[in-house]
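Please look at the sequence and the model before reading on.

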Amino acid sequence: MTSPLPIAIHPPRRVLMGPGPSDIEPSVLGALAAPTVGHLDPYFLKIMDELQAMLRQVFRTENRLTLAVSGTGSAGMEACVANLIEPGDKMVVCVNGVFGGRMADVAARCGAQVVKLERPFGEVFSSAEIEAAMEQHKPKVLGIVNAETSTGAHQPMAEIAGIVHAHGGLVLMDCVTSLAGMPVEIDDWGIDAAYSGTQKCLSCPPGLAPVTFSDRAVAAIDARKTKVQSWYLDMQMVKEYWGGNRAYHHTAPINMNYALHEALRCVLEEGLEHRWARHRKNHLALRAGLEALGLDYAVAEEHRLPMLNAVLIPEGVDDAAVRKQLLTEFGIEIGGGLGPMKGKVWRIGLMGAACTASNVLLCLAALERCLMAQGGKVTPGAGVAAANGAYAGKS
Ligand SMILES: *Cc1c(COP(=O)(O)O)cnc(C)c1O
């Protein structure tokens, strides 16, 4: 028996409208294919310096310790938690979705005494709740998710750091999905540590995790009595390569860093504010269309994320069949529900390069076909018409 030859890489073209990865600009894919140089090559060191400067601009921070961790968003999460937490430290983790839950798991594995502050999926935390938790538990770190991709809920952040700092704590924020798609203001909000990922609104392949640490966070890391639990993610060593004496720690994923450099260059060329406005405009058009198709959002209006639209699957509609039809007939990927929302919601992403009027209109037209195939009552053309109305300012 001879086994068949492996296939050559020739992926289908998709329209990535799920919870990430998102569509990628050709110039970013091109950067991946550029010649690999050594990790201490003067050319690469220059790319790293520029990448750090661009990350500071996108995070809106002056933080010196700002770099791209080698690994996906979850590695950024582990890097932040592992460096800030020593065994026995108390950490309050706000859990209103899958990613808050993941952060609590990571913290427990780092030896934290974890206190979970919980809200139902789709809801967000009030300043009063945070204040009460800080008062009661006095944790070293409070962890919170800015954009909960599992539910589509947006956590307002402006008041949180003031409250946490008043109780002597540090704020760790997950901005994997929000960064470059809606306002993220590390310095203005007083965030001490934050991590993101490349494959959401930065529109780069998955593989790196931008992170940033405030001086306060760096002081906490410097004051550790124990070694960071993870050798690979130990910022004391990683920062020597990124900022210090360029000491070898691990071999940087050279071409991924090229790609992130190009993706950040695209973000800044567009302008952060313009990019946020584009996400908002396309979200409003998609929303008008989805509602015209009879689909309701899973999150209250004031807390909806522009880049992740979670809508309830109508009664009697087959979740998997619709997503399969979207993929096979139209090449469109949308996300299903996660955790307790599995089978109950669709998560339609409008992230980075995928956040376009053409994708909004395509998705609505395709979804209309799929809903009709399911025997749904849909007014033909209603979704596309409503979205076009929103674009024309008649929403
Ligand atoms: C995607 C995501 C992560 C995890 O990132 P990976 O790149 O999948 O490791 C963490 N938090 C949030 C909010 C996310 O959306």
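Predicted model: local features only at pLDDT ≥ 70, side-chain atom pairs only at ≥ 80, totals over all residues.

Residues are numbered from 1 along each chain as its sequence is written, and side-chain values use heavy atoms, with hydrogens and water left out.

**Helix packing**

- Helices are DSSP runs (H or I, at least four residues) and strands likewise (E, at least two), numbered from the N terminus.
- Axes are lines fitted to C-alpha atoms, for helices over the stretch in contact, and angles run from 0 to 180 degrees between N-to-C directions.
- Helix 12 (residues 319–330) and helix 13 (residues 357–373) have axes that come within 10 Å and cross at roughly 130 degrees.
- That angle makes helix 12 oblique to helix 13 (under 35 degrees counts as roughly parallel, over 145 as roughly antiparallel, 65 to 115 as roughly perpendicular and the rest as oblique).
- By class, the contact of helix 12 with helix 13 has 7 nonpolar, 1 polar and 2 charged residues (Ala, Val, Leu, Ile, Met, Phe, Trp, Tyr, Cys and Pro count as nonpolar, Asp, Glu, Lys and Arg as charged, and the others, Gly among them, as polar).
- Helix 11 (residues 272–292) packs with helix 14 (residues 382–391) at an angle of about 145 degrees, their axes being 7 Å apart.
- The crossing of helix 11 and helix 14 is right-handed.
- Residues of helix 11 in this contact include Ala285, Ala288 and Ala292, and those of helix 14 include Ala386, Ala387 and Ala390.
- The contact of helix 11 with helix 14 comprises 9 nonpolar, 3 polar and 1 charged residues.

**Cavities**

- On a 1 Å grid over the protein atoms alone, a cavity is a set of points where a 1.4 Å probe fits but cannot get out, and a pocket is an open set with protein on both sides within 12 Å along at least five of seven lines; lining residues have an atom within 4 Å of a point.
- There are 2 cavities of 30 Å³ or more (points are joined across faces, edges and corners, and a volume is the space filled by probe spheres set on them).
- The largest cavity has a volume of about 50 Å³, and its lining includes Tyr232, Trp242 and His250.
- Strand 2 (65–70) and helix 9 (235–242) each supply at least two residues of that lining, which divides into 7 nonpolar, 2 polar and no charged residues.
- The second largest cavity, of about 40 Å³, has Glu25 and Arg275 among its lining residues.

**Pockets**

- The largest pocket has a volume of about 390 Å³, and among its lining residues are Arg13, Arg14, Asp23 and Glu25.
- Its lining divides into 7 nonpolar, 1 polar and 4 charged residues.
- The second largest pocket has a volume of about 210 Å³; of the 13 residues that line it, Arg64, Leu65, Lys239, Gly243 and Gly244 are the closest to its centre.

How values were computed:
Left-handed = near helix turned anticlockwise from the far one by under 90°. Contact = heavy atoms within 4.5 Å.
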